[in-house]
Amino acid sequence: MQNGTPSRTALMAAAARAAHLVVDDQPHLFHDTVAASLLGTQAEELIGYHRQFGEHPILSGTRTQVTVRSHYTEARLAASGHTQYVILGAGLDTFAYRAGGDTTVFEVDHPDTQQWKRDLLADAGIAATAVEFVSVDFENDSLDEQLAAHGFDPARPALVSWLGVSMYLTAPAIAATLAVLGRCAPGTELIMEYALPAHLRDERGAAYAGHALAATTDLSEPWHSYFAPEELSAMLDTHGFTVHEHRSQREAVPPALWQRTDGLRPVDLCRLVRAKVRNR
């Protein structure tokens, strides 16, 4: 993203989560009941666009991508029992404003995107008391120092989500972030979304990529990084993680959710990897 401007892709992701509950049939892949409110005055226009053109591959593909990854990640958080939840590249994620309980949420993002979100929360009258806002430029700032300054306890295991981010970063920035995360407490769990190289995409994934990559480049947010599963597993191993699974969109949610009457179908362009920090 360009300094001084919020992330357009974060806006598109939130719009897709909100539109899913309006445009797509049940069973819904994910229930984000706050996204529409957070979008404020833009909600009607953005959701309306999905209503009108929702079968277009980039719109239906985006709704599938953002809902599947959120379903998988929040289910893992609930199962893990962790009470520290770090959201890297939080964008307009709404978990902290939907969930109750005693989980401390650390939203990590670029300062410009984060200020934009805080303004949207204020405009919508949504309280932000359940979250720590951690401003980080992944290419330049020290993630561990910024987390510690906001009360993160590195001696306690956490769940860390890194969704819709790695493809926009350079390989050195990804490695630097994994190095920091690998120093977290053993048992800390990472769920990371990553983009597949062209030769591993299925037909729907290739078609979606043809539209999506051009669109993100036009928004000045081009994709930089792609991984085969074994390549990413090797990188994670280097930084102290044990990989537990790689999941495609089809595999990331219960099979019954793919018994659909609408146009949503799994796309193999991006996958999720789940890994844990090893004992040292």
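**Notes on the predicted model**

1. Phe106 has a ring partner. Its ring centre sits 5.5 Å from that of Phe152, and with the planes at 85° the pair is edge-to-face. The two come from separate places: Phe106 belongs to strand E2 (residues 104-109), while Phe152 is in the loop between helix H7 (143-149) and strand E4 (159-162), so the contact ties together parts 46 residues apart in sequence. Phe152 is at 8% relative accessibility, which means that this partner counts as buried too.

2. How many aromatic pairs does the structure hold? There are five. Another of them joins Tyr85 and Phe95, whose ring centres are 5.2 Å apart; the planes meet at 90°, so this is an edge-to-face pair. Here Tyr85 is in strand E1 (residues 84-88) and Phe95 in helix H5 (residues 95-98), so to speak a link between distant parts of the chain, 10 residues apart. Both Tyr85 and Phe95 are buried.

3. Now for helix H4 (residues 57-80). From first C-alpha to last, its 24 residues reach 34 Å, close to the 34 Å expected at 1.5 Å a residue. Is H4 mostly covered or mostly uncovered? Mostly covered: 17 of the 24 residues are buried. Just after the helix comes Gly81, with a positive phi of about 80°. As background, most residues other than glycine have a negative phi.

4. One cavity of 30 Å³ or more turns up in the structure, and the largest cavity holds about 60 Å³ of space. Which residues line the largest cavity? They are Gln65, Val68, Arg69, Glu193, Arg247, Ser248, Gln249, Ala252, Cys270, Arg271 and Leu272. The elements giving two or more residues to this lining are H4, helix H11 (249-252) and strand E7 (270-277). Sorted by class, the lining has four nonpolar, three polar and four charged residues.

5. Cys270, one of the residues lining the largest cavity, is at 4% relative accessibility and so counts as buried. Cys184 also counts as buried, because its relative accessibility is 7%. A search of the whole structure finds zero disulfides.

6. A backbone detail to check by eye: the peptide bond from Gln26 to Pro27 is cis, with omega near 5°. Where does Pro27 sit? In the loop between helix H1 (8-23) and helix H2 (35-39). For context, most peptide bonds are trans.

7. Last, Val165, which is found in the loop between E4 and helix H8 (171-181). Despite the loop setting, Val165 counts as buried, because its relative accessibility is 9%. Its C-alpha is separated by 12 Å from that of Ile191, 26 residues apart along the chain.

How values were computed
Residues numbered from 1 in each chain as written. Predicted model: local features only at pLDDT ≥ 70, side-chain atom pairs only at ≥ 80, totals over all residues. Heavy atoms only, no water. Phe/Tyr/Trp six-rings, centres within 6.5 Å; stacked < 30°, edge-to-face > 60°. Helix = DSSP H or I, 4+ residues; strand = E, 2+ residues; numbered from the N terminus. Buried < 20%, exposed > 50% of the residue type's maximum accessible area, 1.4 Å probe, protein only. Expected span 1.5 Å × (residues − 1). Disulfide = S-S within 2.5 Å. 1 Å grid on protein atoms, 1.4 Å probe; cavity = no way out; pocket = protein on both sides within 12 Å on 5 of 7 lines; lining within 4 Å. Points joined across faces, edges and corners; volume = space filled by probe spheres on them. Nonpolar A, V, L, I, M, F, W, Y, C, P; charged D, E, K, R; others polar.
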